[in-house]
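Have a look at the sequence and the model, try each task, and then check the worked solution.

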Amino acid sequence: MATEEISRTQGLNPSQQSSSLPDYPQMILEAIEALNEKEGSSMSSIAKHIDSTHSDLPASHSTLLSHHLNQMKQMGQIVMLNNNYSKPDPNAPPKRGRGRPPKPKVPLPPGVVVSSPRPRGRPPKPKDLLAPPKPKPVSTGRPRGRPPKKAKTGTATAPPPPPGVKRGRGRPPKVLPSVGFQ
């Protein structure tokens, strides 16, 4: 059971893992120490060193190597500079995250109960107990707000001209109402 959990963390099935093969982080650290390059070791040089020292590597060796290199880099076990991996300097300050660091919290003395912070928003106005209650507004029977649009019941446009009659160009002349002049 324990060997299955260890092999899952390394990305191998128990049937694929060789008993003489150490885990990848250990092999990577051994390769970086053995190569001992001033600027750090590249991924290809680490892979060649592991390949030369361990003959029974799995077929997915390059994928496993890049996965474990990234994992070790994020955990801080190795440092990457100019695409070269090296061990971190023990005298170097710890790497700080991005952004402004949070303010240090002052520990409270024991026995002090922390009250909840103020609620959000504007505080309500104080109620005057001596003031008379406000009268309710008189309703006019109409609801508040803008009235809804009325549906169109019919159009009061001129009837269309009879078919076959062509319209002339431009604006038509104004039609005078027929008033009887006698």
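**Exercise 1. Find which residues of the largest nonpolar core touch the most other members.**

Solution. Start with the term: a nonpolar core is a set of buried Ala, Val, Leu, Ile, Met, Phe, Trp, Tyr and Cys residues joined through side-chain atoms within 4.5 Å. Buried means under 20% relative accessible area, exposed over 50%, and partly exposed in between, with a 1.4 Å probe and protein chains only. The largest such core has 15 residues, and Ile-28, Ile-46, Ile-50, Leu-65 and Leu-69 touch the most other members. Next, see where the core comes from: helix 2 (24-35), helix 3 (43-53) and helix 4 (61-75) each supply at least two of its residues. Helix 2 gives the most, with five.

A word on the model: it is predicted, so local features need pLDDT of at least 70 and side-chain atom pairs count only at pLDDT 80 or more, while totals for chains, interfaces and linings use all residues. Residues are numbered from 1 along each chain as its sequence is written, and side-chain values use heavy atoms, leaving out hydrogens and water.

**Exercise 2. List what Ile-46 is in contact with, leaving aside neighbours within four places in sequence.**

Solution. Contact means heavy atoms within 4.5 Å. With that cut-off, the partners of Ile-46 are Ala-31, Ile-32, Leu-35, Ser-41, Leu-65, Leu-69 and Tyr-85.

**Exercise 3. Work out how helix 2 and helix 3 pack.**

Solution. Take the axes, which are lines fitted to C-alpha atoms over the stretch in contact, with angles from 0 to 180 degrees between N-to-C directions. For helix 2 and helix 3 the angle is about 105 degrees, and the axes are 9 Å apart. Angles of 65 to 115 degrees count as roughly perpendicular, so that's the label for this pair. Then look at who makes the contact: helix 2 brings Met-27, Ile-28, Glu-30, Ala-31, Ile-32, Ala-34 and Leu-35, and helix 3 brings Ser-45, Ile-46, His-49 and Ile-50. Sort them and you get eight nonpolar, two polar and one charged. Here Ala, Val, Leu, Ile, Met, Phe, Trp, Tyr, Cys and Pro count as nonpolar, Asp, Glu, Lys and Arg as charged, and the others, Gly among them, as polar.

**Exercise 4. Is Asn-82 buried or exposed?**

Solution. First locate Asn-82: it sits in the loop between strand 1 (79-81) and strand 2 (84-86). Its relative accessibility is 71%, so Asn-82 counts as exposed. Now check the backbone: Asn-82 has a positive phi of about 55 degrees, although it is not a glycine.

Methods:
Helices (H or I, at least four residues) and strands (E, at least two) are DSSP runs, numbered from the N terminus. Angles under 35 degrees count as roughly parallel, over 145 as roughly antiparallel, 65 to 115 as roughly perpendicular and the rest as oblique.
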